[in-house]
Amino acid sequence: MLRRNRRLRSSAAIRSLVRETIISPDDFLVPIFVVEGKGVKEEIASMPGYYRYSLDLLASEAKEIWSLGLKSVLLFVKVPEHLKDNSGKEALNPNGLMQRAIKTVKDAVPEMLVMTDVALDPYSKYGHDGIVSEGKIINDDSSAILAEMSLTHAIAGADFVAPSDMMDGRIFEIRTLLEDEGFHDTGIMSYSAKYASAFYGPFRDALDSAPVDLKDIPKDKQSYQMDFANRDEAIRETLMDIEEGADIVMVKPGLCYLDIVRDIRNVVDVPVAVYQVSGEYAMLKAAAEKGWLNHDAVMMEQITAIKRAGAHIIASYFAKDVVKLIS
Ligand SMILES: NCc1[nH]cc(CCC(=O)O)c1CC(=O)O
Ligand SMILES: [Mg+2]
């Protein structure tokens with residue numbers, strides 16, 4: 001007898017009854033960009049509708065995010081030029097912008113889950129995620145600094161640190177130092193399979209954190225972020241991070257890496273996060289502004305695809321747009 005699959009598509013009611021992937025506010029991690037100053041809410045030119053906030057406005061933004069039913073934020077800072085060097089000194093400042101941002105969000109919304117980006121690029125005069133010496137990013141020295149940086153975040157009250165640097169062994173370094181210092185409850189969301197992607201452009205504009213064009217300074221991050229041609233390598237990277245103590249693992253970017261998301265989801269027993277990055281956000285905003293794509297329809301299709309591929313958690317600049325649409 002003919003199987004009539006269309007019976008399960010014949011009405012909105014049956015389609016919603018059999019729908020396999022449902023989007024909820026609890027799926028999202030909301031990235032927030034923080035800057036020094038007062039009363040600052042500045043739009044990022046390449047990310048229409050996304051802003052950098054000074055601490056006084058960060059508090060109200062956190063409250064607004066919470067009021068929308070979003071419970072988790074991922075903090076990033078734009079560090080003043082004069083504080084950037086090749087040592088990560090400012091990253092370790094207990095009264096640094098990130099450390100103050102953590103306290104600001106926690107004071108404003110104590111129940112908010114606060115995660116923090118851990119990498120040196122915003123603090124680096126060279127725009128790299130680690131210490132640069134003789135044309136190389138020095139892995140072990142950078143990992144040690146990143147562990148100290150994570151500790152300052154934990155002391156400031158971060159619930160999770162999110163190392164986005166891709167140094168080998170940094171998860172072990174971070175976990176060991178947090179345990180030694182008694183921060184048994186501070187989690188690690190590791191950017192485990194992070195690719196050397198061209199989709200980070202708008203983010204680097206937002207934080208002024210791109211690699212500089214100087215002699216003996218690598219022009220890109222390909223010696224530490226992964227080659228986008230590689231698939232099996234992502235499993236090795238991810239299993240290593242779990243072994244070293246990661247509580248959550250991440251694939252990044254999102255849309256062009258859904259095969260990786262599914263591969264990882266099939267082999268791990270920890271939550272899988274996916275970062276729908278700034279370039280993915282900018283693409284849709286630009287096409288929608290041109291009237292070439294239906295913003296909300298494509299946004300929901302992209303977010304659903306990322307979750308369908310296996311993401312438990314989606315870091316997305318669309319988070320507020322989505323929850324306003326689905327509530
Ligand atoms: N290491 C810092 C970091 N953390 C998240 C992103 C990109 C996020 C985005 O593009 O939305 C980057 C930029 C980079 O690695 O160069
Ligand atoms: Mg790794």
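I started at Glu237, which lies in helix H7, residues 232–244. Helices (H or I, at least four residues) and strands (E, at least two) are DSSP runs numbered from the N terminus. I am working on a predicted model, in which local features need pLDDT of at least 70, side-chain atom pairs count only at pLDDT 80 or more, and totals for chains, interfaces and linings use all residues. Residues are numbered from 1 along each chain as its sequence is written, chains are lettered from A and ligands numbered from 1 in the order in which they are written, and side-chain values use heavy atoms, without hydrogens and water.

**Entry 1: Glu237**

I checked the record. The unreviewed UniProt entry puts a "binding site" annotation on Glu237. UniProt positions follow the numbering used here, feature names are shortened, and annotations may be inferred rather than shown by experiment. Is Glu237 buried or exposed? Glu237 is buried, at a relative accessible area of 13%. Buried means under 20% relative accessible area, exposed over 50%, and partly exposed in between, with a 1.4 Å probe and protein chains only.

I then listed contacts, meaning heavy atoms within 4.5 Å. With neighbours within four places in sequence left aside, Glu237 contacts Met166, Asp168, Ser192 and Met226.

**Entry 2: the second largest pocket**

The lining divides into five nonpolar, four polar and three charged residues. Here Ala, Val, Leu, Ile, Met, Phe, Trp, Tyr, Cys and Pro count as nonpolar, Asp, Glu, Lys and Arg as charged, and the others, Gly among them, as polar.

I noted the method. On a 1 Å grid over the protein atoms alone, a pocket is an open set of points with protein on both sides within 12 Å along at least five of seven lines; a cavity is a set where a 1.4 Å probe fits but cannot get out; lining residues have an atom within 4 Å of a point. Points are joined across faces, edges and corners, and a volume is the space filled by probe spheres set on them.

Which residues does UniProt list for "active site"? The unreviewed entry gives Lys194 and Lys252.

I took Lys194 next. It lies in strand E9, residues 187–194. Lys194 is buried, with a relative accessible area of 5%. Its contacts beyond four places in sequence include Asp129, Ser164, Met166 and Lys252. A polar atom of the Lys194 side chain lies 3.0 Å from the backbone oxygen of Ser164.

Lys252 lies in strand E10, residues 248–252. Lys252 counts as buried at 8% relative accessibility. Among its contacts beyond four places in sequence are Tyr191, Lys194, Tyr200 and Tyr275. I also checked the next peptide bond. Lys252 to Pro253 is cis, with omega near 5 degrees. Pro253 sits in the loop between E10 and helix H8 (258–267).

**Entry 3: positive phi**

I found Met166 with phi near 70 degrees, a positive value in a residue other than glycine. Met166 is in the loop between strand E8 (160–163) and helix H5 (170–180). Met166 is buried at 4% relative accessibility.

Glu134 also has a positive phi, about 45 degrees, and is not a glycine. Glu134 is in the loop between strand E6 (132–133) and strand E7 (136–137). Glu134 counts as exposed, at 79% relative accessibility.

I moved to the largest pocket, with about 200 Å³ of space. Of its 16 lining residues, Gly49, Tyr50, Tyr51, Tyr317 and Lys320 are the closest to its centre. Which element gives the most to the lining? Strand E3 does, with five residues. The lining divides into 10 nonpolar, one polar and five charged residues.

I ended at Phe33, in strand E1. Phe33 is buried, at a relative accessible area of 0%. Not counting residues up to four places away in sequence, Phe33 touches residues including Tyr50, Tyr51 and Tyr317.

Key. A polar contact is a pair of N or O atoms within 3.5 Å; within protein, one must be able to donate a hydrogen and the other to accept it, and residues adjacent in sequence count only if both atoms are side-chain atoms.
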